[in-house]
Amino acid sequence: MGNKYLNDTEYLLSSKANAESLERAIAQDKALIPHSIISRIVNEQVTPLKAWREHLGHTQADIAAKLDITQSAYAQIEASKRPQKATKRKIADALGIGLE
(Lines give C-alpha, C1' and ligand atoms only; values in the text may rest on other atoms or scores of the structure.)
Protein backbone atom coordinates (compact mmCIF):
# COMPACT_ATOMS: atom_id res chain seq x y z
CA MET A 1 0.00 0.00 0.00
CA GLY A 2 2.95 2.31 0.37
CA ASN A 3 1.86 3.56 3.80
CA LYS A 4 4.42 2.60 6.45
CA TYR A 5 1.81 2.66 9.21
CA LEU A 6 -0.46 0.26 7.33
CA ASN A 7 2.39 -2.08 6.40
CA ASP A 8 3.64 -2.22 10.00
CA THR A 9 0.11 -2.74 11.28
CA GLU A 10 -0.58 -5.55 8.82
CA TYR A 11 2.60 -7.29 9.98
CA LEU A 12 1.73 -6.83 13.64
CA LEU A 13 -1.77 -8.17 13.13
CA SER A 14 -0.56 -11.62 12.17
CA SER A 15 -0.91 -13.69 15.33
CA LYS A 16 2.63 -15.10 15.46
CA ALA A 17 4.28 -11.80 14.58
CA ASN A 18 2.06 -9.97 17.06
CA ALA A 19 2.93 -12.32 19.92
CA GLU A 20 6.66 -12.18 19.11
CA SER A 21 6.66 -8.39 18.75
CA LEU A 22 4.75 -7.96 21.99
CA GLU A 23 7.15 -10.25 23.85
CA ARG A 24 10.17 -8.36 22.47
CA ALA A 25 8.65 -4.97 23.31
CA ILE A 26 7.84 -6.05 26.86
CA ALA A 27 11.29 -7.58 27.30
CA GLN A 28 12.93 -4.38 26.06
CA ASP A 29 10.55 -2.22 28.13
CA LYS A 30 9.46 -0.35 25.01
CA ALA A 31 6.33 1.74 24.94
CA LEU A 32 3.55 0.17 22.93
CA ILE A 33 1.07 1.99 20.71
CA PRO A 34 -2.45 1.58 22.09
CA HIS A 35 -4.84 -0.45 19.95
CA SER A 36 -7.31 2.42 19.81
CA ILE A 37 -4.74 4.59 18.04
CA ILE A 38 -3.80 1.96 15.48
CA SER A 39 -7.47 1.19 14.91
CA ARG A 40 -8.26 4.85 14.19
CA ILE A 41 -5.32 5.16 11.78
CA VAL A 42 -6.18 1.97 9.90
CA ASN A 43 -9.98 1.87 10.04
CA GLU A 44 -10.89 5.55 10.11
CA GLN A 45 -7.97 6.85 8.03
CA VAL A 46 -7.12 9.60 10.54
CA THR A 47 -3.56 10.87 10.70
CA PRO A 48 -1.33 9.52 13.49
CA LEU A 49 -1.06 13.06 14.92
CA LYS A 50 -4.84 13.37 15.21
CA ALA A 51 -5.23 9.86 16.65
CA TRP A 52 -2.62 10.53 19.36
CA ARG A 53 -3.98 13.99 20.18
CA GLU A 54 -7.54 12.77 20.59
CA HIS A 55 -6.43 9.66 22.51
CA LEU A 56 -4.65 11.89 25.00
CA GLY A 57 -7.68 14.18 25.32
CA HIS A 58 -6.19 17.35 23.84
CA THR A 59 -7.80 19.82 21.48
CA GLN A 60 -6.03 21.34 18.52
CA ALA A 61 -6.02 24.64 20.41
CA ASP A 62 -4.23 22.97 23.37
CA ILE A 63 -1.40 21.69 21.20
CA ALA A 64 -1.21 24.89 19.13
CA ALA A 65 -0.76 26.90 22.34
CA LYS A 66 2.08 24.62 23.45
CA LEU A 67 3.74 25.10 20.05
CA ASP A 68 3.07 28.86 20.03
CA ILE A 69 1.17 28.70 16.73
CA THR A 70 -2.47 29.28 15.79
CA GLN A 71 -5.06 26.53 15.95
CA SER A 72 -5.58 26.79 12.20
CA ALA A 73 -1.83 26.38 11.57
CA TYR A 74 -1.83 23.29 13.78
CA ALA A 75 -4.90 21.93 11.97
CA GLN A 76 -3.02 22.16 8.65
CA ILE A 77 -0.02 20.33 10.11
CA GLU A 78 -2.22 17.64 11.65
CA ALA A 79 -4.04 17.06 8.36
CA SER A 80 -0.77 16.70 6.46
CA LYS A 81 0.00 13.17 5.33
CA ARG A 82 3.76 13.69 5.67
CA PRO A 83 4.74 16.37 8.19
CA GLN A 84 8.45 17.05 8.55
CA LYS A 85 10.33 15.00 11.12
CA ALA A 86 11.28 18.07 13.16
CA THR A 87 7.62 19.10 13.26
CA LYS A 88 6.54 15.61 14.38
CA ARG A 89 9.18 15.72 17.12
CA LYS A 90 7.91 19.09 18.42
CA ILE A 91 4.33 17.83 18.45
CA ALA A 92 5.33 14.58 20.16
CA ASP A 93 7.07 16.66 22.85
CA ALA A 94 3.95 18.82 23.23
CA LEU A 95 1.84 15.65 23.60
CA GLY A 96 4.32 14.17 26.06
CA ILE A 97 5.06 11.08 23.98
CA GLY A 98 8.31 9.72 22.55
CA LEU A 99 9.15 9.72 18.88
CA GLU A 100 11.39 6.95 17.57
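Modeller: We begin with burial: a residue is buried under 20% relative accessible area, exposed over 50% and partly exposed in between, with a 1.4 Å probe and protein chains only. In this protein, buried residues make up 25% of the 100 residues. The model is predicted, so local features need pLDDT of at least 70 and side-chain atom pairs count only at pLDDT 80 or more, while totals for chains, interfaces and linings use all residues. Residues are numbered from 1 along each chain as its sequence is written, and side-chain values use heavy atoms, with hydrogens and water left out.

Colleague: How many helices and strands are there in the protein?

Modeller: Helices (H or I, at least four residues) and strands (E, at least two) are DSSP runs, numbered from the N terminus. The protein has 7 helices and 0 strands, and its pattern along the sequence is α-α-α-α-α-α-α.

Colleague: What share of the contacts joins residues at least 24 apart?

Modeller: A contact means heavy atoms within 4.5 Å. Of the contacts between residues at least 6 apart in sequence, 36% join residues at least 24 apart.

Colleague: Which residues form the largest nonpolar core?

Modeller: A nonpolar core is a set of buried Ala, Val, Leu, Ile, Met, Phe, Trp, Tyr and Cys residues joined through side-chain atoms within 4.5 Å. The largest one here has 12 residues, namely Ile37, Ile41, Val46, Leu49, Ala51, Trp52, Ile63, Ala64, Tyr74, Ile91, Ala94 and Leu95. Two or more residues each come from helix 3 (35-43), helix 4, helix 5 (60-67) and helix 7 (85-95).

Colleague: Which residues of helix 3 are buried?

Modeller: In general, an α-helix has 3.6 residues a turn, so residues three or four places apart point the same way. In helix 3, the buried residues are Ile37, Ser39 and Ile41. Beyond its neighbours within four places in sequence, Ile37 is in contact with Ala51, Trp52 and His55.

Colleague: At what angle do helix 3 and helix 4 cross?

Modeller: Axes are lines fitted to C-alpha atoms, for helices over the stretch in contact, and angles run from 0 to 180 degrees between N-to-C directions. Angles under 35 degrees count as roughly parallel, over 145 as roughly antiparallel, 65 to 115 as roughly perpendicular and the rest as oblique. The axes of helix 3 and helix 4 cross at roughly 140° and come within 9 Å, which makes the two helices oblique to each other. The contact is formed by Ser36, Ile37, Arg40 and Ile41 of helix 3 with Pro48, Lys50, Ala51, Trp52, Glu54 and His55 of helix 4.

Colleague: How are the residues of the contact of helix 3 with helix 4 divided by class?

Modeller: Ala, Val, Leu, Ile, Met, Phe, Trp, Tyr, Cys and Pro count as nonpolar, Asp, Glu, Lys and Arg as charged, and the others, Gly among them, as polar. This contact has 5 nonpolar, 2 polar and 3 charged residues.

Colleague: How do helix 4 and helix 6 pack?

Modeller: Helix 4 (residues 48-55) and helix 6 (residues 71-79) pack at about 120°, with their axes 7 Å apart, and are therefore oblique. Leu49, Lys50 and Arg53 of helix 4 meet Tyr74, Ile77 and Glu78 of helix 6, a contact with 3 nonpolar, no polar and 3 charged residues.

Colleague: Is arginine 53 buried or exposed?

Modeller: Arginine 53, in helix 4, is buried, with a relative accessible area of 7%. Not counting residues up to four places away in sequence, Arg53 touches His58, Thr59, Gln60, Ile63, Tyr74, Glu78 and Leu95. Histidine 58 lies in the loop between helix 4 and helix 5. The C-alpha atoms of histidine 58 and leucine 95 are separated by 8.2 Å, although these residues are 37 apart along the chain.

Colleague: Where is glutamine 45 found, and what is its phi?

Modeller: Glutamine 45 is found in the loop between helix 3 and helix 4. Its phi is positive, near 60°, in a residue other than glycine, and glutamine 45 is exposed at 59% relative accessibility. Aspartate 68, in the loop between helix 5 and helix 6, also has a positive phi near 60° and is exposed, with a relative accessible area of 70%.
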